[in-house]
Amino acid sequence: MTTPNIKFLAGNEACVEGALAVGCRFFAGYPISPSSEIAEKMSGRLPKLGGKFIQMEDELASIGAIIGASLAGKKAMTATSGPGFSLMQENIGFAMMAEVPCVVVNVMRGGPSTGNPTGPSQSDVLQTRWGTHGDHPAVVLSPATIREVFDTTVHAFNFAEKMRTCVVLAIDEVVAHMREKLVIPPASEIKIENRHKPSFKPGDTYYPYETTENLIPPMMNYGEGARFHVTGLNHDKTGFPTGNPELLESGNRRLLDKIDKHIDELTLAENHRTDDAEVLVVAYGSTSRSAKRAVEEAREKGVKAGLFRPITLFPLPEKQILAAAAHARKVIVPEMNLGQYKLEVERVLGKAIPVEGLNRVNGEPIQPSLILSAIMGD
Amino acid sequence: MSMDYFEYLRKDKMPHIWCPGCGHGTIMKSILRAIDKLQWNKDDVVVVSGIGCSSRTPGYLDFNTLHTTHGRALPFATGVKVANPKLHVIVVSGDGDAMAIGGNHFIHACRRNIEISLIVFNNNIYGMTGGQASPTTFTGSRGTTAPYGAIEQPFDVCGLAQGAGATFVGRALDMDAVAMDRVILASLKNKGFSVVDAWSQCTTYFGRQNKWGDATDMMQRYKGMTYNVRLSDKLSEEEKEGKYPVGVLYQATRPEFCEEYDKLIERVRPQETKAAANV
């Protein structure tokens, strides 16, 4: 019997463990608080595994390098925080448009601008959805525990590889820096998805963007004999630019449709006492930990409170939000921002149920007592 | 003697977008002749570009090709090369792409000395967006954003590359295809980061705005603005004043990034194995 691999890790460290466990072998990054520990750990760990770490000259270069590495066949990741995440936006769009699997970690700090570099925040949530220009898909995960950082990092790579897109892992600074026990699962228990390859023999014609039944074109790597073209321009199935209106329409729609088609497998969420919840709290990341405590305390006081905790923030888990709110007379969305995810929840629930924001942008985590007051108050 | 260009071209992507008189096609053919001479397997060649007229080159070439975002070709290319050092990576870029929006990546790729050849199709203007001044527009020359003549100093692409640490630096004019071949071939052979300042004439925007005439007039003018670096000793300082040397300007041997990383892997990997064995 093997000894369990027990660690006591911070979120940023657990992210590294998850990435390495799922097969990440390329990391490019640029130092920025509060994400820097991810780059630091990667620089030490990757070469020992035969992987590559490169410190780039800025965040624009970091995201460019991971896209290039992914095209050359490596599972690739970068990590950054607010200002760096803003700088990466153009090439995040490139990865989505050119359908290149990669993972971007954004350890959220206070903004806008340089903001509050070492304080916790969830103020990039809608940027993770809409940060890059143009209509585009988004797969965004936000963990609340150290074990979940490990697991969501594994999921992020699996989703990126399977869906051929850029997946964002949005970790708030509390989760990034707090420490918890983590039992790293043995390799046999970690599910690993790799990009789906076409059956290809030398001489075959390969269409890198051919519409398949699952809307995700099989992917070859550079150097494997297919000699294909990749561009951020609108392109046809061959990968070359097109201005054909029908192809523009279908190409742009497919990028979103492929995510919609797989929404069930992309959706990760937790329901805590939502079956009969009359007051529903919707919270994610470290805020959901306070919310869970507040829900327990409200239950002790006889209020039927419940917590819906999206782990997949986007694509928006609409069905699950509707189901959790089935008996709710009130919904509270506590966030370390000024009401970003609340807009999404409101959009799902309409005006039928009042949705209240509980918002703090003071660089402090939201206390359970504040959420409890919101649950109890009418 | 003669090679079959169509072996390397995506015929169905022709005609290309370049204007009559543009020198970009000439430089592209020089790159193909160099690759042919080296007998590189097409499957192992990756050509990366940014945005601009020059950056449409990869689309015409039958290699692994990557048309990235404006200014970012070098970071993408760096990712490709580091991930799979067996691939031959060439970046084609313009003077705006490489020296303005991509200037930071340019100097750091030089410093890193990663085995990539950057061919700067330098026509001293932003062609694709309609003739705006670029970082290599000559002082006094006009662009649509410099209607009274540029008041800034242009970058010396080669001087900057050498200062930043590139281990091969060369310059050639499109009118001298033999010299262009020699410089590009030497750049592809260099075990490190190479920069070729490949001069091309933009007749449509630069030539017309500056009344520099047609393609042959511009070629003659560029010839007059340059001198062969091999004749440098025979020319007086006055003769060289304000002129650009052409040819292989600088070569050095310094550690190459991917090789150094492989050594690093060798160094740290056994240590971990040893440590694990001791536990």
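**Close-up 1. A:E99 in a loop of chain A.** A:E99 sits in the loop that links α4 (82-98) to β5 (102-110) of chain A. Please keep in mind that this is a predicted model. Although A:E99 is not a glycine, its phi is positive, at about 55 degrees. Is A:E99 buried or exposed? A residue counts as buried if 20 or more other C-beta atoms lie within 10 Å of its own. A:E99 has 22 other C-beta atoms within 10 Å, so it is buried.

**Close-up 2. A:R164, a residue with positive phi.** Here the loop to look at lies between α6 (146-163) and β8 (166-172) of chain A, and A:R164 has its place there. A:R164 is not a glycine, yet it takes a positive phi of about 55 degrees. A:R164 counts as buried because it has 25 C-beta neighbours inside 10 Å.

Close-up 3. From A:S33 to A:P34 the peptide bond is cis, and its omega is near 0 degrees. To find A:P34, follow chain A into the loop between β2 (24-29) and α2 (36-45).

Close-up 4. A:F314 and A:P315 are joined by a cis peptide bond with an omega of about 0 degrees. A:P315 belongs to the loop between β14 (312-314) and α11 (318-324) of chain A.

**Close-up 5. Helix α10 of chain A.** This helix covers residues 285-300, 16 residues in total. From its first C-alpha to its last, α10(A) reaches 24 Å, close to the 22 Å expected at 1.5 Å a residue. Which residues of α10(A) are buried? They are A:G285, A:S286, A:T287, A:S288, A:R289, A:S290, A:A291, A:K292, A:A294, A:V295 and A:A298. Just after the helix comes A:G302, with a positive phi of about 90 degrees.

**Close-up 6. Strand β2 of chain B and its two pairings.** Strand β2(B) spans residues 64-67. B:N64 and B:L66 point one way, B:T65 and B:H67 point the other way, and all are buried. Within chain B, β2(B) pairs with strand β1 (residues 45-49) in the parallel sense over 4 bridges, and B:V47 has B:T65 as its bridge partner.

Methods:
Residues are numbered from 1 along each chain as its sequence is written. Chains are lettered from A and ligands numbered from 1 in the order in which they are written. This is a predicted model: local features need pLDDT of at least 70, side-chain atom pairs count only at pLDDT 80 or more; totals for chains, interfaces and linings use all residues. The expected span of a helix is 1.5 Å times one less than its number of residues. A residue is buried if 20 or more other C-beta atoms lie within 10 Å of its own, exposed if 12 or fewer, and partly exposed in between; C-beta atoms are placed from the backbone. Two strands pair if DSSP finds at least two bridges between them.
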